[in-house]
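Grab a pencil and work through these exercises one at a time. Try each task yourself before you read its solution.

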Amino acid sequence: MQKQPPTGGNPWVAVRPGDDVALLARRVSSAHQLFVDRSVPAVPDTEGPSVRSVILDSWMRSTRKGVNPDGAARADHLAASELAEYRSSHPMALIRPVVRKLLVEDAADTGLLVAITDEKGQLLWVEGDSSAKDRALEMNFVEGADWSEDTVGTNAPGTALALDHCVQIFGAEHFSRSVHEWSCSAAPVHDPATGLIVGAIDITGGPRVAVPEVFSLIRATVAAAEAELRLNLLRSPHPVVDTVTRLEVLGSGRPSLVRDGRRTPLPRRHAEILLLLAEHPEGLSSDRLAVLLDESDLDSVTIRAEMSRLRKVFGTAHIGSRPYRLLTDLVSDVQQVRSALDRGELAAALDMYSGPVLPGSDAPGVEELRDELRARVQAALLREGDQRLLARWTTSVHGRADVAAWEAYLAGLDPRSALYSQVKSRVDLFDQQYAT
């Protein structure tokens, strides 16, 4: 019998080449029934894992959230006019023409549906095959319904948003039994200016939706959609999502808070504290914050004074005490670079990585973040080996002295080219400097 490989391949793809789809469907269905009835993972002893780890993790999250496997998606109570107004003003409206051209126009009479969600998992548009739309009514896969993972459990758009990654869900991998006849592929869409998720694009249909080719198609569509958002950014230079306060600490410019489209410059100490609190959502005690801010350990009186001044800028209601913690959403450009790296979008990460984290700061906690982020960017560059990106990095302020990057750049050049000679001379110069 054909078995789903326990390891190897793309873990985000549901049906791999060579899989026996009927056998896979039976195994996943049995695993779902065992998990739901007993709340334990099912792992047959000789046939490899019955479900992918990404699915099992999602089932466990769904259980912890109290999702009913026999429940249905929750419909939003917006009136038709209110939903229309919400959709027209949402950033995903900007990419709808791209999605229609690439996916919807060819979906008629195919049994496929194409859905666009907002960043929370609410379905904004559901288009495609008319008979499939009628059948989808039974599981409330309709415009205005909430298909977040917290509400429906494991499903492609909801899980893609929860994990910030393209994902496929095959049949009974869905947590809700009402969706077991369907398969789907979805991926999140990001604001090119901030890296924040603005929504998701989903293809829903039969088992053929869960194959690698559709996985590639949905990723290509998202790439085209995000390119459209970049063009929109050039025409109107502000983020498409501007509801979350943003902390800017990268590069040599003055650290700032960006809130409601307005930029507020910050003293370095305030930027250090906000960055550390953003990195520690669980909160920091006064003593721990003091250690992260100064090697000589600031006294508690100094910490309280700094927090009092910061509250006047950031808002008294937005910072809690005992421990000190953020009580409102705050995203830093450090987190956005990390998110781009996690998604494998190295070029976007380099666009956002304008320089070291608070280069003038000697706070131990900040220095650690600075070193960690630079190391992650460098490691991604070396792993990817993209000559274009290596060229950008080695000619930038933060990469011009990166010996490993220069060597990787040289290794990918044609030895007969003039550029090879130039890069090799730079590498030779490094060798001479380190030899002395």
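**Exercise 1.** Find which element of the chain has the lowest mean pLDDT and which has the highest.

*Solution.* Start with the term: pLDDT is the predictor's confidence in each residue, from 0 to 100. Elements are DSSP runs numbered from the N terminus, with helices (H or I) of at least four residues and strands (E) of at least two. Strand E1 (residues 74-75) comes out lowest, with a mean of 70, and strand E5 (residues 167-170) highest, at 97. For the chain, the mean pLDDT is 86, and 91% of its residues reach 70 or more.

Ground rules: this is a predicted model, where local features need pLDDT of at least 70, side-chain atom pairs count only at pLDDT 80 or more, and totals for chains, interfaces and linings use all residues. Residues are numbered from 1 along each chain as its sequence is written, and side-chain values use heavy atoms, with hydrogens and water left out.

**Exercise 2.** Describe how helix H9 packs against helix H10.

*Solution.* Two packed helices are described by the angle between their axes and the distance between the axes. Axes are lines fitted to C-alpha atoms, for helices over the stretch in contact, and angles run from 0 to 180 degrees between N-to-C directions. H9 (residues 268-279) and H10 (residues 286-293) pack at about 120°, axes 11 Å apart. Now sort the angle: under 35 degrees is roughly parallel, over 145 roughly antiparallel, 65 to 115 roughly perpendicular, and the rest oblique. So H9 and H10 are oblique to each other. Next, who touches whom? Arg269, Glu272, Ile273 and Leu276 in H9 meet Leu289, Leu292 and Leu293 in H10.

**Exercise 3.** Do likewise for H9 and helix H12.

*Solution.* H9 and H12 (residues 333-342) pack at about 40°, with axes 10 Å apart. That makes H9 oblique to H12. In this contact, Leu275, Ala278 and Glu279 in H9 meet Val334, Gln335 and Arg338 in H12.

**Exercise 4.** Is Glu228 buried, partly exposed or exposed?

*Solution.* Buried means under 20% relative accessible area, exposed over 50%, partly exposed in between (1.4 Å probe, protein chains only). Glu228 has 23%, so Glu228 is partly exposed.

Terms used
Contact = heavy atoms within 4.5 Å.
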